[in-house]
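Here's a quick briefing to read alongside the model. Have a look at the structure first, then work through the points below.

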Amino acid sequence: MKMRFRVISLSAPIIALTISFGLSSLILLVIGKDPYETFRIMFEYGSTGKSIVSIINRSIPLYISAIAVAVGFKMGLFNIGVEGQYLMGTLVAAYIGAQFSIVTPIHILFIIIVAVVVSSMWAAIAGYLKVEKGIHEVISTIMLNYIGTGLIAYSLTTLFDEPNSNYDLPRTAELPETGKMPSLNKFFNIEDLQDLHGFLAVAILVGILYYWLVWKTTLGFDLRITGSNPIAAKFSGINPKRLVVIAMIVSGAFAGLVGLAPLLGYFHRYTIDFPTGLGFAGIGVALLGRNHPFGMAVGALLFAFLQRSAQILDLNDVPKEIEKMMQAFILLIVVVFYEVIRRFIVKQQIKDASKRTDE
Amino acid sequence: MKKIFKTLSNRYIVFMPVLLVLVVAQVETYSQLTTSGTFGAAVRLAIPILLAGLGGLYSEKTGVVNIGLEGMMIMGTWFGAWGGYTFGAWQGVFIGMLGGALFGLIHAIATVSFQVDHIVSGVAINILAAGVARFLNVIAFKDVQYASSTASPRIQGDIEIFTMPFLAGGKIGESETFNLLGTIENLDIFLLSDISAFFLGFLSNISYLTLFALALVPVSVLVLWFTPLGLQMRSVGEYPAGSESLGVNVYLMKYIGVTISGALAGLAGSYLVVAGTGTYLEGQTGGRGFIGLASMLFGNYKPFGVLMGSGLFGFADALQLRSPQAVHGLLIVISIFLLILTFKTFFEKKYKVSILSFLFSAAFLLWFMNSTSIPNQFVYFTPHITTLIVLSFANQRIKLPEKIGVPYKKGEIN
């Protein structure tokens with residue numbers, strides 16, 4: 001019986017994908033492009049070896065960001081501030097990590113810890129404001145994003161700027177060799193392609209850690225029960241205030257890892273053009289993947305695929321921004337259909353239950 | 001008299017800083033704090049926040065949380081710029097409103113008809129709006145000069161500007177009139193000059209669009225509290241099942257509320273373009289939709305409260321744009337205010353808070369003494385940090401609509 005509902009709930013993302021592709025095709029038709037041809041080019045380009053490595057690389061921070069958001073979502077807490085949290089954490093980690101050099105594993109572990117601590121502290125502010133001052137976390141985290149951006153811009157030009165550099169724009173010093181994450185190309189035997197970020201391993205571990213944390217620990221149980229029924233949670237002895245702060249800190253800790261894949265694997269320093277927007281993209285992935293570690297992985301890969309394969313479109317005179325539209329369509333339609341199907345399943349369960357009592 | 005004194009001491013959180021700002025503004029370096037120019041800029045910057053806040057009000061009074069205000073505002077900026085470029089300034093305003101209303105409608109469909117979680121839908125709307133605006137901009141202005149993927153060309157024409165005759169020296173026909181408030185401002189009399197500067201900011205060189213936006217404040221009071229429609233809308237936010245039983249069309253009311261909300265957010269966005277930059281720029285809204293939401297909370301779900309809240313944020317924004325030195329003056333204001341708070345909490349025997357505010361007060365004083373200006377990057381987030389500080393003082397006495405954020409399905413009791 002349960003299997004049946006699982007299959008039904010899987011249909012939501014499939015319906016959403018179909019409709020989004022339909023809508024995007026319609027838009028392409030309106031602006032006078034052939035949708036079939038467009039999608040064919042995208043798929044062809046997106047399935048080359050180089051693209052696949054790039055897609056995996058892009059999906060790593062997306063996935064971790066989605067997990068950071070999902071920890072909050074599980075208890076009905078909206079951490080929109082992953083954006084600011086990961087940027088703060090990455091900046092400080094990049095700065096401190098460049099100051100010394102020890103054996104690679106310890107060095108990288110140290111950088112990770114710094115990023116996690118800074119990000120979770122920044123996230124904790126929002127938790128505190130919610131619990132003590134009653135400010136909704138959506139507003140406080142958004143404001144903290146702007147404040148964080150300002151603080152980063154300030155400290156990057158003063159405190160953390162590389163000393164004696166002849167480079168025009170502010171940036172931190174480069175990480176020493178020991179602080180760089182080795183790529184996985186040797187492992188997969190694809191040495192002719194560009195670097196596959198070694199952080200992939202961490203991302204997989206993070207997925208497992210998230211699963212264990214949410215479904216196998218008391219904290220995870222508290223989170224889930226508060227998310228599905230706050231009143232019942234309160235009566236079962238959960239302290240909601242304490243839980244909000246803890247959830248925010250855990251969410252921020254995951255957020256700390258978001259920027260590390262590009263930092264350790266590619267940029268090796270924090271610069272002005274360090275990738276932003278991963279925090280917001282993560283919200284979409286979490287919604288699409290329904291906070292499930294596997295679903296979010298699929299979502300992250302899908303969005304990464306769209307991003308990468310859209311790069312070819314400009315050469316074919318199709319605006320590549322169509323990809324942003326597609327992501328947004330998928331997101332909006334999928335949340336609608338999840339709700340529709342959730343209601344359908346609840347109805348079915350009630351029907352089944354009443355049938356059983358009748359018998 | 002006793003009553004006035006009592007309200008004053010109850011609202012010391014509001015009045016103390018105002019008084020301190022007035023005193024600090026007497027110092028030459030910080031005089032920018034209270035000039036008519038600053039107030040004028042504050043009005044211009046407050047209007048988008050005000051409109052977004054009013055938008056939030058219409059939606060939330062019917063029980064639908066509208067985090068998507070920012071996205072609807074983004075639509076307002078793009079459609080406003082497109083309409084302004086194609087047809088002219090006022091048409092741009094109207095089209096921007098329509099663009100916002102369209103996204104309000106989408107939010108309504110998702111939250112009302114499909115009962116999607118309001119915040120989830122709002123977040124999705126924000127992401128959708130950013131994508132749509134970018135895409136439309138690329139499509140619509142592909143081969144137009146001075147346009148790029150993140151900016152539109154300049155709009156045609158302007159909104160006319162109005163200056164009050166006699167009080168602010170506006171013209172009647174061709175002849176100049178006396179500028180009463182301007183003269184008083186230049187006399188530099190404590191309080192009196194500052195007050196006339198305040199009114200001068202409202203009355204001179206003010207766009208008709210600003211006047212229209214300000215007029216929406218009393219209109220909103222009228223619509224929401226003095227019409228049958230407003231009563232129905234508010235009842236839906238408080239007790240939908242009860243309203244349903246009295247024959248109110250709950251879904252329709254929510255649809256109306258959220259769509260009006262979108263239209264107002266769209267107006268806020270097109271204001272940024274039409275009365276501000278003259279072009280659409282990506283990221284131009286800069287979180288003002290959320291600040292609007294904050295001003296609604298600050299204003300305790302009342303239109304005039306929203307006006308006050310947005311005025312405060314507009315003022316913070318104006319200072320950061322016009323005069324970074326003046327923002328530096330705010331440091332000493334904060335320091336003194338925290339010192340007062342230290343004594344107050346000390347006599348109330350809240351020693352922990354007292355010590356904390358004393359430490360912060362000292363820190364701000366040190367910062368003030370050891371610097372001559374605030375770094376640009378800090379000035380940039382003045383409105384955002386103001387939002388957090390203001391909300392953390394104001395949030396305790398908010399009266400939310402009873403069923404805010406609760407999805408309502410016909411025939412279900414909740």
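In chain B, 52% of the 414 residues are buried, meaning that 20 or more other C-beta atoms lie within 10 Å of a residue's own; 12 or fewer makes a residue exposed, anything in between is partly exposed, and the C-beta atoms are placed from the backbone. This is a predicted model, in which local features need pLDDT of at least 70 and side-chain atom pairs count only at pLDDT 80 or more, while totals for chains, interfaces and linings use all residues. Residues are numbered from 1 along each chain as its sequence is written, with chains lettered from A and ligands numbered from 1 in the order in which they are written.

**Chain B overall**

- Chain B's secondary structure comes to 18 helices and four strands; these are DSSP runs numbered from the N terminus, with helices being H or I of at least four residues and strands E of at least two.
- Its radius of gyration is 23 Å, close to the 22 Å that the globule rule gives for 414 residues, so chain B is as compact as a globular protein of that length. (The radius is taken over C-alpha atoms, and the rule is 2.2 Å times the number of residues to the power 0.38.)
- Along the principal axes, the C-alpha trace of chain B spans about 60 × 60 × 40 Å.
- Take the contacts in chain B between residues at least 6 apart in sequence: 74% of them join residues at least 24 apart. Two residues are in contact if their C-beta atoms, placed from the backbone, lie within 7 Å.

**Chain A overall**

- Chain A has 15 helices and zero strands.
- The radius of gyration of chain A is 22 Å, close to the globule rule's 21 Å for 359 residues, so chain A is as compact as a globular protein of that length.
- A box of roughly 80 × 55 × 40 Å, taken along the principal axes, holds the C-alpha atoms of chain A.
- Of chain A's 359 residues, 49% count as buried.
- For chain A, 76% of the contacts between residues at least 6 apart in sequence join residues at least 24 apart.

**Where the chains meet**

- The contact takes 35 residues from chain B and 34 residues from chain A.
- On the chain B side, helices H6 (118-140), H13 (288-298), H17 (376-380) and H18 (382-394) each supply at least two residues.
- H6(B) gives the largest share of that side, 13 residues.
- By class, the side of chain B that touches chain A has 24 nonpolar, ten polar and one charged residues. Here Ala, Val, Leu, Ile, Met, Phe, Trp, Tyr, Cys and Pro count as nonpolar, Asp, Glu, Lys and Arg as charged, and the others, Gly among them, as polar.

**A helix pair in chain B**

- H3(B) (residues 36-61) packs against H13(B) at an angle of about 65°, with the axes 7 Å apart. Axes are lines fitted to C-alpha atoms, for helices over the stretch in contact, and angles run from 0 to 180 degrees between N-to-C directions.
- Residues of H3(B) in this contact include Ala52(B), Gly55(B) and Gly56(B), while those of H13(B) include Gly289(B), Gly292(B) and Leu293(B).
- Leu69(B) counts as buried because it has 36 C-beta neighbours inside 10 Å.
- Leu69(B) and Ser261(B) are 192 residues apart in sequence, yet 7.8 Å apart in space, C-alpha to C-alpha.

**Single residues to look up**

- Tyr301(B) has a positive phi, near 60°, in a residue other than glycine. Tyr301(B) lies in the loop between H13 and helix H14 (303-322) of chain B and is buried, with 21 other C-beta atoms within 10 Å.
- Asp317(A) also isn't a glycine, and its phi is positive at about 65°. Asp317(A) sits in the loop between helix H14 (293-310) and H15 of chain A and is exposed, with 8 other C-beta atoms within 10 Å.
- Lys351(A) is in helix H15 (residues 322-358) of chain A and counts as exposed, with 10 C-beta neighbours inside 10 Å.
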